[in-house]
Amino acid sequence: MDLVVERDYPTLSRAAAEVVTDLLMAKADARLVVATGETPLGLYRNLADRKVRGQIDTSRLRIFQLDEYLGLTLDDSRSLYRWMREVFLEPLAIRDHQVTRLPGDAPNPTAACRAYDHEVEQAGGYDLAILGLGRNGHLGFNEPPSDHDAPTRVVTLSPETVHSNARYWGGEDRVPRRALTAGMKQLLAARRVLLLVSGRGKRAMLARTLEGPETPHVPASFLQRAEHVTVITDRDAMPMPAVSFPGEV
Ligand code: F6R
């Protein structure tokens, strides 16, 4: 695992944008699975700026949805697809045919998860997984306990995740209790994983991700066994003694 400690959230976002830009330069038809949530928003804004300036080409990318609440239609304001569309797909001019959804509104969600895994496999797996870290150690909605080989599936959200996500939707009763998530198996097989971690509230879980034993109780700890993982964190989330940056005393 490579660990990159940045001064703050804006520099973290720029560093992440460099990693993604380098990949897009090397492989314009890369396959990406992308998180929603707050942490990657700065990265997505950076990429959108680069797109406007003509520095990146997104016309051949293939995008996979990371997770979705069960039972929500695309128009529901809580749909994670809708969130991804607003912060990532539209700003980067990515068209519908480039995107594989995890359809929370499918009549048979379990069959939809199998179809999703089949599509990921047929495509040759993910080139890059852009992930955030849950306060309970989840990746996507792989809630604890999730083993390293858990497939894409329907899950029940932990009370902690429901509580944490209530801030997005204005109260816990607005948060669906079940969801679909790309599996640990698919995520850990990505050619590269970019894990973004920001803020003091993630510090304890980042320590367990980086150094704790690999355990289903901290799904993110399985990143220790993945092939090419880059963790970009800001200082607030760093569990180790403070790092100093040039120009600081
Ligand atoms: C979102 C997702 C989640 C978040 C995680 C961190 O699609 O899959 O795993 O990445 O909960 O969320 P933030 O970034 O809001 O702290």
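For pockets I used a 1 Å grid over the protein atoms alone, a pocket being an open set of points where a 1.4 Å probe fits, with protein on both sides within 12 Å along at least five of seven lines, and lining residues having an atom within 4 Å of a point.

I note that this is a predicted model, in which local features need pLDDT of at least 70 and side-chain atom pairs count only at pLDDT 80 or more, while totals for chains, interfaces and linings use all residues. Residues are numbered from 1 along each chain as its sequence is written, and side-chain values use heavy atoms, with hydrogens and water left out.

**Ligand**

I listed 15 residues around the ligand, of which Thr36, Thr39, Asp67, His138 and Tyr168 come nearest; a residue counts here if one of its heavy atoms lies within 4 Å. By class this shell holds 4 nonpolar, 7 polar and 4 charged residues, with Ala, Val, Leu, Ile, Met, Phe, Trp, Tyr, Cys and Pro counted as nonpolar, Asp, Glu, Lys and Arg as charged, and the others, Gly among them, as polar.

I then looked up polar contacts (pairs of N or O atoms within 3.5 Å). An N or O atom in the side chain of Tyr168 is 2.4 Å from an oxygen atom of the ligand, a polar backbone atom of Gly140 is 2.8 Å from a ligand oxygen, and a polar side-chain atom of Arg167 lies 3.2 Å from a ligand oxygen. The protein covers 93% of the 410 Å² of accessible area that the ligand has on its own, by the Shrake-Rupley method with a 1.4 Å probe.

**Largest pocket**

I recorded a volume of about 490 Å³ for the largest pocket, a volume being the space filled by probe spheres set on the points. Its lining has 30 residues, with Gly37, Leu133, His138, Tyr168 and Lys202 nearest the centre. The elements giving two or more residues to this lining are β4 (67–69), α3 (80–89) and α5 (159–169), and α5 provides the largest share, 6 residues; helices (H or I, at least four residues) and strands (E, at least two) are DSSP runs. The lining divides into 10 nonpolar, 14 polar and 6 charged residues.

**Second largest pocket**

I found a volume of about 170 Å³ here. Two or more lining residues come from each of α4 (109–123) and α6 (184–188), and α4 gives the most, with 3 residues. The lining, which includes Asp117, Tyr126 and Arg191, has 3 nonpolar, 3 polar and 4 charged residues.

**Backbone**

I checked the backbone last, bearing in mind that most residues other than glycine have a negative phi, and most peptide bonds are trans. Pro144 and Pro145 are joined by a cis peptide bond, with omega about -5°, and Pro145 is found in the loop between β6 (128–132) and β7 (153–156). Ala93 has a positive phi, near 55°, and is found in the loop between α3 and β5 (99–100).

Note on methods
Polar contact = N/O pair within 3.5 Å; in protein donor to acceptor, adjacent residues only side chain to side chain.
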